[in-house]
Structure formats: C-alpha cells, structure tokens
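Please open the structure in your viewer and keep the selection panel at hand. The tour below goes from one selection to the next, and says at each stop what is there.

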Amino acid sequence: MGLESAMGEGYFTTTVDSLAKWSRSNAVWPMPMGLACCAIEMMAFAGPRYDAARFGSEVMRFSPRQSDVMIVAGWCSYKMSHAIRRIWDQMPDPKWCIAMGACASTGGMHRCYGVVQGVDNFLPVDVYISGCPPRPDSLLNALMKIQEKIRNEQSVLLDTNE
Amino acid sequence: MSEKTAKEQFLDDIKKYLGDDLLEIQDGYEFPNILIRKDRLHETCQWLKHEQHFIYLVDVFGTDRFTSEGRFEVIYNVVCLRTRVRIFLKVRVEEENPSLPTLSDIWRSANWNERETYDMFGITFEGHPDLRRMYMPEDYQYYPLRKEFPLIGVPGSIELPSTTPDKA
C-alpha cells in the first residue's frame, strides 16, 4: 500500500473500519449522469484546471458496476427517471448521490409537466448543489462533503452481504 | 400599375378559389395568415400542393384560444418552393370532439406533426395512419398544452420509478 516506505520498519495499529473509510473516501469514483448543461461543468470538474484527481475522483465510470457516487447533472424528465433509477439500482453498495444544480435538486426553472421536480423523488440524494449551473468548485465542495460523510457516518459494519 | 408580387398573386388566387369559405386574411407582415373553413381544408390543401406547388409542409401545430366558440386552432405552415411564398393556413375546431381530416395523405411530413398536435391538444385527425401519442405515455389522460392543464402537471399522473428495487 505504499505505507511501508512511509513508516519505515515497524508497525502501526488501526481498525479495519478506519482503514476502509480512509481508502473509500479517497477513491470515490463518479458515475456521470450528465443530462444537460450541468454536465459541461462536470467535465470541467474532472479536467486539469479543477482537477478532481486531487480527491481521487478523476475516473468517470460509465459502468454503474464500478462507480460509487452518482452525479445527476441536469434536469431529469419522467422518461429519463426510469433509466436513472435502473442505473442507480445497478450500482453496488455503498453508494452516494449528488444532485447537481437547481434542476436536479428541485426541477429549477423547468416547472412543467414533463420534468421531475427534484431527483430526490426517486433517488436518495446525499448532497444538493445550488446554482444554474453550479461552478466546478461547488461540485468539488460536494465531493468533499461526500468524503466527510464517508469518513464520519459510514462503517464497514453497515455493509451487508445480502 | 406595377407588377404584382408572387404573394399578392397567390392571395388573389386563393380568394377566387375559396370564395366565402375563406374567412379571414391577416397580411400584416411577410407571411399571410389565412383562416379557412374546416370542411374545405383537405380540398384546399390538395389544390395548394397540386395547382400552386406548395410542396413543402414545414410545420403543423395547434393553439388553444380558450374561447367558447372555435376554441382550438390548427395552423399549417406551408411553403411554395417555386415562388417562395410562405403562408400560415389556419382552421378552427370546436371544443366538443375536436377533429380534422388528416393531411398526411397529401404531405407525408404531416404524420408526426399531427401526432404531436393530437398529443398536446387532443385534436383527432381522421384517416391518420398511426395516431398515437408523440411524447406523453400512451395511457396518459390529459392534454398538456390545453389552457386548463396546470403548468406543473397533475401530480402522480406520470409514473415515477419504484424506489424499492426488486429482490432477485
């Protein structure tokens, strides 16, 4: 794990839980659910200027099986909601969800019959981001919130093998 | 007297062709709006395409005027590719069982546009080969662009995905 060179000869004690949380929180791989203009900001978030790699989240996984956090970026129509929920259900636990921007959080300016008024109608959202679209900084902030949540609220004891 | 433009010539022609069945012409700007009687619609469009070379049906759409008489209006945007005249042909339909003859046998492009108009306003097009809804679910009970339809939609009328995944 690279620890050997840092620690030199010897050992250190920890718990499985904190080790798992430490490694999990520094490798939160996003599932980019780019639905509208927010997705452009999401790309900037992954690009070199904002550099999500600093937080271990540079690998956008287009396969739900390999991802940990779903970033719903953009407005979600009723037709799309079924596809999103299906992808969410395919993501392995533990998983988190970011509702990026006004539309994903509340429906935003799309106050009409075809758009779901907030993806929390069918997804358990962990972090909401305001803005239309939000700056990549806000998405980084949301990612840090997720990391904090993993470190403080998660436990390997919660992982079930059902 | 100067030469007539193609548009003026066409307006004279359609006035002569329809007579009293032509209800109103608004010619305030570049493209004339021509309101005609519903029962002459199909015949007029045949004439437009075959005699006047209006071979391009750009768009078909509806409006809800929210009046007690002639509530809905269906508007056909047609272009003559020979004289470059573009007109908006309008017909009014009643609120009770709104229906019109289909124009998809004249212009193929009317097919999907009429389906959209049916989806949004509930105007049926008789003789249409495949009158299904365009955007909304097939079992949807409302017509979203009618004025009485709430802007936000009817809560619960479209199904959201289940939040409890199936146990495999």
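In what order do the four strands of the open sheet in chain A stand, and is their pairing parallel or antiparallel? The order is β1-β2-β3-β4, and the pairing is parallel. Strands here are DSSP runs of E with at least two residues, helices are DSSP runs of H or I with at least four residues, and both are numbered from the N terminus; two strands pair if DSSP finds at least two bridges between them.

Before you select anything else, please note that this is a predicted model, in which local features need pLDDT of at least 70 and side-chain atom pairs count only at pLDDT 80 or more, while totals for chains, interfaces and linings use all residues. Residues are numbered from 1 along each chain as its sequence is written, and chains are lettered from A and ligands numbered from 1 in the order in which they are written.

**Chain A as a whole**

Select chain A, which has six helices and four strands; read from the N terminus on, its elements run α-α-β-α-β-α-β-α-β-α. The C-alpha trace of chain A spans about 65 × 40 × 25 Å along its principal axes.

**The sheet of chain A**

Now select residues 30-34 and 127-129 of chain A, which are β1 and β4: they stand at the edges of the sheet and each has a single partner strand, so one side of each is left without a neighbour in the sheet. From one strand to the next, the twist averages 15 degrees, where the axes are lines fitted to C-alpha atoms (for helices over the stretch in contact) and angles run from 0 to 180 degrees between N-to-C directions.

**A buried valine**

Why does A:Val119 count as buried? A:Val119 has 31 C-beta neighbours inside 10 Å and therefore counts as buried, since a residue is buried if 20 or more other C-beta atoms lie within 10 Å of its own, exposed if 12 or fewer, and partly exposed in between, with C-beta atoms placed from the backbone. If residues up to four places away in sequence are not counted, A:Val119 touches A:Val72, A:Cys76, A:Ala99, A:Ala104 and A:Val125; two residues are in contact if their C-beta atoms, placed from the backbone, lie within 7 Å.

**Two packed helices**

Two packed helices are described by the angle between their axes and the distance between the axes. Select α3 (residues 38-46) and α6 (residues 136-153) of chain A, which pack at an angle of about 70 degrees with their axes 8 Å apart. The two helices α3(A) and α6(A) are therefore roughly perpendicular to each other, a term for angles of 65 to 115 degrees, whereas those under 35 count as roughly parallel, those over 145 as roughly antiparallel and the rest as oblique. Show the side chains of A:Glu41, A:Met42, A:Ala44 and A:Phe45 in α3(A), which meet A:Pro136, A:Leu139 and A:Leu140 in α6(A).

Most residues other than glycine have a negative phi, and most peptide bonds are trans. Select A:Asp93 and A:Pro94, whose peptide bond is cis, with omega near -5 degrees; A:Pro94 is in the loop between α4 (78-90) and β3 of chain A. Another cis bond runs from A:Cys132 to A:Pro133, with omega near -10 degrees, and A:Pro133 is in the loop between β4 and α6 of chain A. Then move to A:Asp51, in the loop between α3 and β2 of chain A, where phi is near 60 degrees, a positive value in a residue other than glycine.

**Across to chain B**

Finally, select residues 72-79 of chain B, which form strand β4 with a covered face of B:Phe72, B:Val74, B:Tyr76 and B:Val78, and an uncovered face of B:Glu73, B:Ile75, B:Asn77 and B:Val79. Eight bridges join strand β3 (residues 56-64) of chain B to β4(B), and these strands run antiparallel; B:Thr63 stands opposite B:Glu73 in β4(B). With β5 (residues 86-93) of chain B, β4(B) pairs in the antiparallel sense over eight bridges, and the bridge partner of B:Ile75 in β5(B) is B:Lys90.
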